[in-house]
Amino acid sequence: MPTKYVDVDGYAVNYFHTGRTTVPSTVPDVTKGKFLLYIHGAGSNGHFAHKLLDGLSAKHSPISFDFPGHGRSSGTESLKSVAAYSDFVYALWKKLGARPAVLIGHSMGGAISMDLALRHADMVDSLILTCTAARFNIPDDRLKIWEQVMKGRAGQPFTKDSCSPATPMNIVQEGWGEQIKTDPRVRYFDLVACREVNLTGQLGQIRKPTLVLAGQDDQSTPVAQSETLREKIPGAKLVVIPQAGHWLPI
């Protein structure tokens, strides 16, 4: 996928697009089909969903990006809260000058997408909430592991926990190849931000068409949490993908 940079709130933000490349100061054409904006998860990056976006590009105009401190964007720290990330996405959208977007939010990106639909509804066409929750259940031991990694006291846990038992090992390796592009300190504070957010009581206020995608074997955001989104967001639809875990986009 071609890449470009745009300045948002003093950060050099790396973003990915499909279609023709343009000169540095010109935003790529996003007029074909729907404008799709992929919002990545905690400690991840915009390239994580490149296969998904390539597939969608035949009929639509997808863009993804790296949050500050993630992937190839500038910055060394996370933004500390889901609300701060939402405000950043809104600023990015305004900078791009694009029409309302279908937000494809994965994990933390799904919570950000819901928050945007609640607080910045003018930028939202509809929602595709992928392996996410209104309130995340992040155990203390998981935070402790990443705190130790952040402090250099432990190595990164390269496990298959984010995948289905049926996921081929080359896909697992590709997923971790994407994850290590972001500093463990940023991942740790992203997880803290996820644990602090709770949008459950506001889900009934979302007034955007919503598709919820769940991985049948997702251990991080189990199907039951996706069912909560389906039940509480008016008109939401749920599709459960077999033999898929938390890393569904890849």
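Reader: What order do the strands of the open sheet come in?
Author: Keep in mind that this is a predicted model. The sheet has 8 strands in the order β1-β2-β4-β3-β5-β6-β7-β8, and the pairing is mixed.

Reader: Which strands are at the edges?
Author: β1 (3–8) and β8 (237–241), each of which pairs on one side only. On average, neighbouring strands are turned by 25 degrees against each other, ignoring direction.

Reader: And β2 with β4, parallel or antiparallel?
Author: Antiparallel: 3 bridges join β2 (residues 11–17) to β4 (residues 61–65). Phe-16 sits opposite Ser-64 in β4.

Reader: OK, helices. What does α2 touch on the sheet?
Author: α2 (residues 82–96) packs against β1, β2, β3 (35–39) and β4, and its direction is about 110 degrees from that of β1. Helix α3 (residues 108–119) lies across β3, β5 (101–106) and β6 (124–130), at about 145 degrees to β5.

Reader: Switching topic: at what angle do α4 and α6 cross?
Author: Roughly 155 degrees, with the axes of α4 (residues 140–150) and α6 (residues 184–196) coming within 8 Å. So α4 is roughly antiparallel to α6, since an angle over 145 degrees counts as that.

Reader: Left-handed or right-handed?
Author: The α4–α6 crossing is left-handed.

Reader: Which residues meet there?
Author: From α4, they include Leu-143, Trp-146 and Val-149; from α6, Tyr-188, Phe-189 and Leu-191 are among them. Charged ones take part too, including Arg-142 and Glu-147 in α4 and Arg-195 in α6.

Reader: How many nonpolar, polar and charged?
Author: The α4–α6 contact has 9 nonpolar residues, no polar ones and 6 charged.

Technical notes
Residues numbered from 1 in each chain as written. Predicted model: local features only at pLDDT ≥ 70, side-chain atom pairs only at ≥ 80, totals over all residues. Heavy atoms only, no water. Axes fitted to C-alpha atoms, helices over the stretch in contact; angles between N-to-C directions. Helix = DSSP H or I, 4+ residues; strand = E, 2+ residues; numbered from the N terminus. Parallel < 35°, antiparallel > 145°, perpendicular 65-115°, else oblique. Left-handed = near helix turned anticlockwise from the far one by under 90°. Contact = heavy atoms within 4.5 Å. Pairing = 2+ DSSP bridges.
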